[in-house]
Amino acid sequence: METNKVSIGSLLDERYEIKRILEADSDTARYEGWHQRVQKKVLIQEVDLQKEDIEEILFRARQLGDFSDMSGLCHVSDQFEAGDKAYIIYDYPEGICLEQYMEQKKRISEEELTEMFLPVLRNLQKLQNAGIRNLTVSPEMLYRSENGELCLVPKIVDYETDDVEYTYSVSEIFYECLSGKKPQDRFIRVLFDETEPLETCDLKGNAEFHKIVEKGMNIDSESGFQTPEELYEALVNWKKDNVSQRGNSLYFIGGCVLLGILAVAVLLGLCKKYEEQIRFLGVDTETIMLTPPDEMKQKDYKNSVEIIKNRVKKLSKNNKYWVEDDNGKIRIVIPYKLYEETKEDSKLETYLTTPLKVRIGTHVNCSGIWVRQDGDIELSQKEIKDIKEIELSNEEKHDLESEEGYDFSKITKKLEVTISDEEAQLVKNTLIPQLVSGGENKVDLCGFLEDDGECCKAEISEGDWHKIYIYESPRMEMAFPVLLDSSLKNEFKMKEEIPTDWLNRSSDLFTNWTSEDLIEEPSVKLQYGTYKSKLDEGDYYHNLGDLAGRLECLEIPYAIGTAKNNKNIFVIKVQQKNISEFVADILGGEGGTIQYGLYDRWGNKLYFSNYELKAEDDKWILCFESTNENMKEFMDPVLEDDGNVYLKVANSYEIAKLNLKEMPAGTGEEGEYDKKYYEFTFDDALMSKSGEFSEDMKPLAELFNMLGQEGNMNVDYDLKYSQYSSKKQTVSEKEESRSAWEFYPHDAVMTKETIERIDSDAEVLIIKQLDNKLYVKFHMDENYDIEEVSERIWTIWKKGKMNKGNCEVCFYINDIREGPYISIDRNHLERTWRVGIYGDSSNPDEGKFNAFKKKIQEIFSQESDVTFL
């Protein structure tokens, strides 16, 4: 077959001249053409005759050619073949594409939509009656002429293979024209309907018209309009009623004026009561609660309220804000937009909660390394006389760029802080001894906001200690306007409301998913975030469905949403009594084998597969398969040791324990690499307060099973924040939880209690409960007696059975940061305890430290499973 090559200027069928190529791919193309005989513009569709569905395409063209007398449809006026191509000729659409018109108008009124679409609906009814039920009706395929009429360009190539519900398509266009938002794909809405109701996204719209649109967009076909004619009649009736209402409205104007006068009097009384709501009417807000420390005095707290008000005022600039004392806590409400702008890098929290203190210190260059000098000095706020902001000159910027030790890439200004004579003398006397004569020195503003990690460059004018120049830092803009004000005496604890876009449930699969406002108080919002910066839509819906599935197995009412303007962050709302901190912590974990494990006391794992956890009345049974080789490699050392096997979930939580006296038999083949089926029955519930499994714990077994499934949530979502609320407060403290679902780390608590019974003078800190990491402090000074402290350590180790179930134990002679200490941790590969003795052996007490080290090695050498570092 001869190949037909087309280019601009080509003449097809001796009639149609190619003027412009509109689009082209491997087997189709569209051109703007000119019909030379009748002198009019045409649209030309080119199709490769080798295309798989070419017969269906040409049949559709012939079908549509029968409707040449239908206005509002771009007519198919001709079709022919030339070489290896087929050509379909349309009338060229006049006017502007509806998609472009919508962008220009932003919102198209109900009246204009009605006038434009009544003829379209009549045409769609005729086409549907003729069996043409799969035309694409979308803003891209509709054109609006200058007189406001719409014309549909029929899609013949790449057509819909299934029937199209024309009323749904038109209603979708109505929704987008009124709200400015593109609705979700219908298929996705069946599972996760996030479409915002028109009453909230088209506030000025007509409520009756909204009902028509929402009926047309009902995802249940039987509840929507059945034919284009039905939607046509609904629009005609709305049009009649709307005109009638406008005519009658004039009769009510006089009455409305009178009622308005009466309403003003009522409103004046309500304004004071609802002042906050009125102030933020129509504005998205963020609520923040500041909790004072227990030791804060009432007088200091009252002063703090005024200080916070002043800080929020300066932070808000021209924005609205609200600050009040709320039963001993400071409640702050600011616009959400302002909150978003200031919350990054913890700036907002530091600014609202921390005493603003300025400390000056120095760095000295010692052989190329900048060393921090001891002896910072805090500037007294009352001694700061003036602050000026100074733009840096180009020369100063250039000098900064060549200086090492700081990142000056974004610095454009510095502050000139003038201090009093007395303060200048104090700063001079403090810092001069720190500076190295003839060497390199830096004067720093360190710990600027009581944050040891915050350090920025400062300079003191040569020969004049009254002026300190402080260069821009990430927090300078926010903090310095209040340096002249009073400072807080104590640091507050900040809690924030989690702004959420709540999702609607439309699938019957999720029976416990409910509306956010139906979750009774006291409640908690749980915010989960992932390390991935952006997830595609498929991952988003996959993980949303799995998260809902996990909540379903807990059999509790819940609501799900996403963080405002961020679909990578999920938010869950449940009643406080229906959740525990343990369940909240593990709920968003990535599914897979890392979530499940059988371990010995050293932390060695048994590798298994095809597992299921079954919850019975007073015991849990783990059913699984494992090779004979894996089982033997795991169990031989366990049976030689204490026989204990631990069941862990979420890679850290030991939830149950089993003691075995002999090798589990299992069922299956005996070959080394053959798998056997096993059932391990656990009746020692480590996670529960009573140590026993209960009926109320059964839903957790199903949750653990889901956590263990590969792909059940394909990304790890960590719990980032918990926001508790009550009937009276949007942000409050936790009031209750589901005690049967809490995790109680028995070993750590029991070990702490045991140590304190053995040695009443020792202080025991549980550093990490999940791994039983303990710190023991004796609070003895440098004159400690080697024999005494060694005996105390050995007695605790032996009598307290510290080698059972612990991960690491540290013994400190004095405090954590001072003096010698011993660290004893387990080496799971060698199944031994590693003993390390640490201290400063270069100090004058070198001999004593070495003697202490020797004594510890001597007494711990009695243990067969100990090695020394």
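**Labels and their criteria**

Guide: E41 and strand E42 (residues 832–838) are paired in the antiparallel sense over seven bridges. This is a predicted model, in which local features need pLDDT of at least 70, side-chain atom pairs count only at pLDDT 80 or more, and totals for chains, interfaces and linings use all residues. Residues are numbered from 1 along each chain as its sequence is written, and side-chain values use heavy atoms, with hydrogens and water left out.

Visitor: What makes E41 and E42 a pair?

Guide: Two strands pair if DSSP finds at least two bridges between them; E41 and E42 have seven. Strands themselves are DSSP runs of E with at least two residues, and helices are runs of H or I with at least four, numbered from the N terminus.

Visitor: Which strand pairs with E41 over five bridges?

Guide: Strand E40 (residues 808–812) does, in the antiparallel sense. There, glutamate 808 has aspartate 825 of E41 as its bridge partner.

Visitor: Why is strand E41 described as largely enclosed?

Guide: Buried means under 20% relative accessible area, exposed over 50%, and partly exposed in between (1.4 Å probe, protein chains only). Six of the seven residues of E41 (residues 821–827) are buried, so the rest of the structure largely encloses this strand.

Visitor: How do you know whether serine 732 is buried or exposed?

Guide: Its relative accessibility is 4%, so serine 732 counts as buried. Serine 732 lies in the loop between strand E37 (717–725) and helix H21 (746–758).

Visitor: What does serine 732 touch?

Guide: Contact means heavy atoms within 4.5 Å. Leaving aside residues up to four places away in sequence, serine 732 touches Lys495, Tyr724, Ser725 and Ser726. The side chain of serine 732 also reaches the backbone nitrogen of serine 725 at 3.5 Å.

Visitor: Why is valine 305 given the label it has?

Guide: With 7% relative accessibility, valine 305 counts as buried. Valine 305 is found in helix H11 (residues 298–316) and touches Val323 and Ile330, not counting residues up to four places away in sequence. The C-alpha atoms of valine 305 and aspartate 325 are separated by 6.9 Å, although the residues are 20 apart along the chain.

Visitor: Why is leucine 191 called partly exposed?

Guide: Leucine 191 has a relative accessible area of 35%, and is therefore partly exposed. Leucine 191 is in helix H5 (residues 186–191).

Methods. Polar contact = N/O pair within 3.5 Å; in protein donor to acceptor, adjacent residues only side chain to side chain.
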